[in-house]
Amino acid sequence: MLSYVALTKPRVIELLLVTTLPTMILAHGGFPSVGLVLATLVGGAAAAGSANVLNCYIDRDIDQVMNRTKRRPLVTGEITPRAALVFGLALGVVSLLWLALLVNVPSALLTGGAILIYVIGYTMILKRRTPQNIVWGGAAGCMPVLIGWSAVTGGVSWAAVLLFGVIFFWTPPHYWPLSMKFRKDYAAAGVPMLPVVESDPKVARQMIAYTLAMIACSLLLWPVASMTWVYGVVATALGVWFLWSCIGLYRRAQDPSRGKLRAMSVFHGSITYLSLLSVAVAVDVFLPL
C-alpha cells in the first residue's frame with residue numbers, strides 16, 4: 001500500500017492543496033462549508049495523485065536512469081507497470097466522479113483538464129522535446145486555484161485568473177533551481193531541462209523575469225480582489241525577498257568567486273514564498289479592515 005501512495009507523490013499534492021484552500025476562502029469571502037472544503041480537497045488530491053501515477057508510468061524508463069528517481073516503486077519492481085496504469089486511471093475516474101457529484105461539474109471539468117495537461121501535454125509531449133517544458137506543462141499545477149474558485153462560485157473570475165498567473169510564473173523559478181542541482185541526471189536521461197541546455201546565468205536571468213511577472217500578478221490581485229493593505233504589504237515583502245534570492249543566484253552564476261550556486265536554497269525559498277503568500281490570501285479575508 002505504501003508503494004502505491006509513493007507513486008502519487010504526496011509532497012507534490014501537499015503543495016497543490018496549500019493553494020486550493022486559501023483560494024476557496026477568498027472566493028467565499030470567509031470559510032466555506034467544511035463539507036465543500038473536504039470534498040474539494042479529497043477530489044483534488046485524488047486527481048493530482050492520478051496524474052502523478054500516470055507520470056511515473058510513462059517516465060519509468062528515464063526514472064531508472066536518474067539518481068533522484070531510481071527508488072520509485074516502478075523502477076524497483078515493487079509495482080508492475082500494468083498495476084500502476086490501472087491504479088492511475090482508476091484514481092482519475094474516481095476523482096472526476098467524486099468532484100462532479102459532491103462539488104460541481106465545472107470543477108470536475110477543470111480537474112479533467114489539469115490531468116490531461118500534465119499527463120499528455122507535459123509528460124508525453126513537452127518534457128522530452130523542449131527546454132520550455134516546465135513553463136507550459138506547469139500550467140497543470142496552476143489549475144487547483146481555478147478548481148477551488150469554481151468549487152465555491154461555479155465559475156472563475158479575474159481574481160482566480162491572477163492567482164493562476166502567480167503560480168504559472170512561479171513555477172519556472174521554483175523548478176529550474178532543482179534542475180540545476182540534478183542537471184547531470186536530466187542530461188543522462190535525455191530530458192532537455194533549461195539548465196541542461198543553457199548556461200546558469202541565462203537560466204537565472206529568465207528566473208528573474210518570471211519572478212517579476214509573478215510579483216506583478218500577486219500585486220494586481222490586491223485591488224482586483226478588494227484585499228486589505230495587509231495583503232499588499234505582505235505580497236510586496238515576499239516578492240522582493242524572493243526576487244533578491246533569484247538575483248543572488250544570478251550574481252553567483254555570473255561570478256563563481258562569490259561562492260557556490262546554492263540553487264537548492266532558492267528552490268526551498270520558492271516553496272516558502274508560495275506557502276506564505278497563500279496564508280496571506282486566506283488570513284486577509286478575515287481582517288476587520
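Helices (H or I, at least four residues) are DSSP runs, numbered from the N terminus. This is a predicted model, in which local features need pLDDT of at least 70 and side-chain atom pairs count only at pLDDT 80 or more, while totals for chains, interfaces and linings use all residues. Residues are numbered from 1 along each chain as its sequence is written, and side-chain values use heavy atoms, with hydrogens and water left out.

Me: In which helix does Asn-52 lie?
Reply: The helix in question covers residues 34-58. Asn-52 falls in that run, which is helix α3.

Me: Is Asn-52 buried or exposed?
Reply: Buried means under 20% relative accessible area and exposed over 50%, with partly exposed in between (1.4 Å probe, protein chains only). Asn-52 has a relative accessible area of 5%, so Asn-52 is buried.

Me: Which backbone oxygen does the side chain of Asn-52 reach?
Reply: Contact means heavy atoms within 4.5 Å. Leaving aside neighbours within four places in sequence, Asn-52 is in contact with residues including Leu-7, Thr-8 and Tyr-118. At 2.8 Å, the side chain of Asn-52 reaches the backbone oxygen of Thr-8.

Me: Why does Thr-8 count as buried?
Reply: Thr-8 sits in the loop between α1 (2-7) and α2 (10-28). Leaving aside neighbours within four places in sequence, the contacts of Thr-8 include Gly-49, Asn-52 and Phe-87. Thr-8 counts as buried because its relative accessibility is 10%.

Me: Does Val-93 count as buried, partly exposed or exposed?
Reply: Val-93 lies in helix α6. The relative accessibility of Val-93 is 48%, so Val-93 counts as partly exposed.

Definitions and conventions:
Helix = DSSP H or I, 4+ residues; strand = E, 2+ residues; numbered from the N terminus. Polar contact = N/O pair within 3.5 Å; in protein donor to acceptor, adjacent residues only side chain to side chain.
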